[in-house]
Amino acid sequence: MIEWRRLSTGIRPVPDPVATPVVWGGAGFGALVLVATLNFLGGHGRPGFALVGLSLLAALLGLCARFVAAPGTAGLCWLFLNGFAIPPAGQLSWAGDRDALWLACLLAAAVAGTALARIVNARAGYRRITPFGPRPGPPES
């Protein structure tokens, strides 16, 4: 016999993060559009603008992602930064300190976005489940 049960009751106090493949798809598509737009506007050969833009993209994607998505998000953003934002376009290279710094910057942005989202969601969840009314305190004498 089949017994029907509700899997969830009510709203959850903390929203679920977006699936990692969806975040990585957004990182790949967003990085492609961002680098192409910057190159079209004359930013080719100036990787500083692309690094800032891709760091903001990684942080925004981190707001809705899990922590395990951060390395892949940073890696995808770095691939587009290295492959298409610096000359010669279309060739990947590793320039030691520079690329390690760029990759660390992108990873830090993705982790910072995810950490910020977790803190905000935890505070909001705490406020949702805390009963309303006066808080218990020491007895008045």
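**Helix H3 and its two neighbours**

Student: Is the crossing of H1 and H3 left-handed or right-handed?
Tutor: The crossing is right-handed (the near helix is turned clockwise from the far one by less than a right angle), with helices taken as DSSP runs of H or I, at least four residues, numbered from the N terminus. This is a predicted model, where local features need pLDDT of at least 70, side-chain atom pairs count only at 80 or more, and totals for chains, interfaces and linings use all residues. Residues are numbered from 1 along each chain, and side-chain values use heavy atoms, without hydrogens or water.

Student: At what angle do H1 and H3 cross?
Tutor: The axes of H1 (residues 20–40) and H3 cross at roughly 25° and come within 9 Å (lines fitted to C-alpha atoms over the stretch in contact, with N-to-C angles from 0 to 180 degrees). That makes H1 roughly parallel to H3 (under 35 degrees; over 145 is roughly antiparallel, 65 to 115 roughly perpendicular, the rest oblique).

Student: Which residues make that contact?
Tutor: Val23, Trp24, Ala27, Gly28, Ala31, Leu32, Val35 and Asn39 of H1 touch Gly72, Thr73, Leu76, Cys77, Phe80 and Phe84 of H3 (heavy atoms within 4.5 Å).
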